Amino acid sequence: MKFFHLTFICQSCRVNYRVYSIQDIIKDQPQLVLAFSSKYHPNIFNTLDERTFLSMAHSDRFLGKVAVVTGGCSGIGKAIAARYIQDGGKVVVGDIQDELFASVTKELGEENVYCQHCDVSKKEDVDALVQAAYDQFGDFDVMFNNAGINIFRDFLECTIEDSDKIFNVNYRGCFLGSQAAAKAFIAHNKQGAIVNTSSINFRCVTPNTTCYAASKGAISMFTRGIAVELAPYGIRCNAFGPGSTDTPMVGECARTRFPNYTAPKLAIKRMAKPEEQAAVACFLASDDASYMTGETVFNVGGWGIS
């Protein structure tokens, strides 16, 4: 008889709970999951309806594993941290938005996440962030180089300072994060995973984002390079390229032109949710992607297929 378990986070107490049941029964009767779970956690009916519970039920593929997420206090980075935790893992978040640390810790659970100031353009900050994974949770398995910025500006008005600022965060941040992670993995004999955040702009450039697109193209090519160099150590390196995603990073210019410029290019005519991008990132970090390295996987709502 086959058994499996699901994991959910109670919205009231922020604790992970695992629900055990018989696989064949749950496949056809998911309501039994709620019945089983209520036995072990009586607050569930007061905190989660059936749809919410089932949407939050995930595997334990990251149980016992620790990830570092840069830019993890908002947007896609925060969604990655949340999904990784929902799948059983622990997360160290690096960000420059120190004012969000308390709310992120409360939302994701202080037993699950640790937040630390990190300017990804500074080697000492990135090295300290990786060390925090060992100090706080005793291990380190996955590096999500997600921190990024954009400056929406016409190329003819863009300054070299603008370009340098974008590359120092986006590309340099990936370089420093990947190198720090790889050195740590090798030192601890760990066959870890590195996941870098690229962009659809690597493939389809939009107006006012030339330097951003160039930085994301550099990240995708950089990912291919380190995949080759780190393969002998069993370290996988991949990137994912989000399309238009509803995050605080999306500027007014991009939001304004979305209905008439971007949406007509999409098969799914809406912005992605951060959680939809996080699902791809966490897939690449998991053993489900054990035969993938050097890839950039685009999650873009069918951009350009019609």
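The model is predicted: local features need pLDDT of at least 70, side-chain atom pairs count only at pLDDT 80 or more, and totals for chains, interfaces and linings use all residues. Residues are numbered from 1 along each chain as its sequence is written, and side-chain values use heavy atoms, without hydrogens and water.

The protein chain has eleven helices and nine strands. These are DSSP runs, numbered from the N terminus: helices are H or I with at least four residues, strands E with at least two. Of the 306 residues, 49% are buried (under 20% relative accessible area, 1.4 Å probe, protein chains only). Among contacts (heavy atoms within 4.5 Å) with a separation of 6 or more, 67% join residues 24 or more positions apart.

Now take two helices, α8 (residues 160-187) and α9 (residues 210-230). They pack at an angle of about 15 degrees, and their axes lie 9 Å apart. Axes are lines fitted to C-alpha atoms over the stretch in contact, and angles run from 0 to 180 degrees between N-to-C directions. So α8 is roughly parallel to α9 (an angle under 35 degrees). Residues of α8 including Phe 167 and Tyr 171 meet residues of α9 including Ile 219 and Phe 222.

Finally, find Gly 304, in the segment after β9 (296-299). Gly 304 is exposed, with a relative accessible area of 56% (exposed means over 50%). Its C-alpha atom is 5.5 Å from that of Lys 265, 39 residues apart along the chain.

Key. Parallel < 35°, antiparallel > 145°, perpendicular 65-115°, else oblique.
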